[in-house]
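Visitor: I would like a short tour of this chain. Where do we begin?

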Amino acid sequence: MSTAIFTGSYSADDVHILLKVIDVPDTSVQEKERRIQQERRHYSEMLSHESLPSAQYMQLFHQAMLDNKTQMARDCFCLAQKISERRTGEIVLISLARAGTPVGVVLKHTLSNYFQREVSHYSISIIRDRGIDENALNYILARHADSSIVFVDGWTGKGVIARELKQSVEDFNQRHQCHIDSGLYVLVDLAGVAAVAASAEDYLIPSSILNATLSGLISRSVLNADYIDAQDFHGCVYYQQFAEADLSQWFVAELLGCIEQLRLGVGHDEQAEIDCIALQQQSKAFIARIKQQYKVSDENRIKPGIGEATRVLLRRVPDLVLLRDKDDAAVVHLSILAKEKQVTVLYQADLPYRAVSLIKDVS
């Protein structure tokens with residue numbers, strides 16, 4: 001296991017990314033999807049290499065920033081406050097790579113700047129059906145108390161990763177006599193499964209619509225025995241060739257500037273209470289209805305919420321995009337991505353979420 005500190009395109013003051021940098025051959029999106037659905041390969045064993053977004057798409061991203069950064073900043077501050085209230089002593093943020101990484105960086109500086117807390121931030125891998133990277137957890141536990149750990153991510157869709165985290169951390173605790181809190185802290189909890197969330201509103205989190213260029217130039221995590229030994233961290237590709245287009249540090253600075261303005265404002269809005277039971281029931285009923293309505297056999301192919309719906313269009317083989325309101329500015333980028341990829345868009349006014357993507361059955 002390498003002892004060199006890897007930070008992606010962030011500074012060492014932002015995050016220590018506990019991933020092994022590897023080179024992985026490109027698997028086309030179509031071929032990757034086929035292998036996943038035929039159960040010949042787990043999704044974490046393959047990577048479709050990324051390309052930079054079009055100029056038109058980047059215009060949409062910057063518009064999304066203008067429209068949504070204040071809400072994201074407010075949610076980051078709210079989540080930092082909730083974390084501060086629940087931890088004494090040092091706080092060790094563990095963001096779930098990679099969607100959680102930018103959120104973790106903003107939270108680290110917010111907790112340090114506004115709550116005068118001593119904060120460390122690591123980003124590690126967790127993979128559906130494979131669990132959390134235990135080598136990374138052991139690395140952190142060799143340096144920090146188990147009681148200081150807080151797991152953070154951007155949002156929940158169906159709650160799969162929150163449940164994976166709970167199961168794998170509780171198994172780890174039992175085997176190692178630890179007391180790590182297995183709860184997930186997120187900005188937006190659509191599924192009602194987070195331990196703590198700032199919001200349950202399906203809004204456009206700007207970091208959800210870009211890939212590596214907003215997450216420290218790292219790919220999503222890879223777990224493939226051809227590249228990852230038993231003692232290694234999970235892997236990632238480091239897209240250094242995208243350095244000129246990288247917005248990772250700019251994004252953090254924008255959010256922190258926004259938080260500073262919110263703090264200087266007079267008062268701030270009270271956060272609405274989140275009804276987790278109602279959200280869980282809504283999620284369960286929605287999945288059952290969509291499975292029946294669109295003849296979807298595997299619920300892994302249903303991706304609710306703007307963030308998850310976007311990721312399907314960016315890195316999977318989409319079948320359908322469902323939008324609640326065709327005039328909603330928060331989903332314009334989905335319409336454009338769908339048009340680029342020749343994917344059908346349907347409008348369904350009774351959706352509980354603003355957007356849903358269905359992955360194509362290619363098995």
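**Surface, fold and cavity**

Guide: This is a predicted model. The chain exposes about 15,700 Å², and the share of this area supplied by carbon and sulfur atoms is 46%.

Visitor: What share of the residues in the chain is buried?
Guide: A residue counts as buried when its relative accessible area is under 20%. Of the 363 residues in the chain, the buried ones make up 58%.

Visitor: How many helices and strands does the chain have, and what is its radius of gyration?
Guide: The secondary structure comes to nine helices and 14 strands. For 363 residues the globule rule gives 21 Å, and the chain comes close to that, so it is as compact as a globular protein of that length. Its radius of gyration is 19 Å.

Visitor: What percentage of the contacts with a separation of 6 or more joins residues 24 or more positions apart?
Guide: A contact here means heavy atoms within 4.5 Å. Among contacts in the chain with a separation of 6 or more, the part from residues 24 or more positions apart is 78%.

Visitor: Which element gives the largest share of the lining of the largest cavity?
Guide: The count comes to one cavity of 30 Å³ or more, and the largest cavity holds about 80 Å³ of space. Its lining has 14 residues, with Trp 155, Leu 190, Asp 202, Tyr 203 and Gly 307 nearest the centre. Strand E7 (149-156) and helix H8 (306-315) each give two or more residues to this lining. The largest share, three residues, comes from H8.

Visitor: How many residues of that lining are nonpolar, polar and charged?
Guide: Gly counts as polar, whereas Trp, Leu and Tyr count as nonpolar and Asp as charged. The lining divides into seven nonpolar, four polar and three charged residues.

Definitions and conventions. Residues numbered from 1 in each chain as written. Predicted model: local features only at pLDDT ≥ 70, side-chain atom pairs only at ≥ 80, totals over all residues. Heavy atoms only, no water. 1 Å grid on protein atoms, 1.4 Å probe; cavity = no way out; pocket = protein on both sides within 12 Å on 5 of 7 lines; lining within 4 Å. Points joined across faces, edges and corners; volume = space filled by probe spheres on them. Helix = DSSP H or I, 4+ residues; strand = E, 2+ residues; numbered from the N terminus. Rg over C-alpha atoms; globule rule 2.2 N^0.38 Å. Buried < 20%, exposed > 50% of the residue type's maximum accessible area, 1.4 Å probe, protein only. Areas by Shrake-Rupley, 256 points an atom, 1.4 Å probe, with all protein chains shown as cover.
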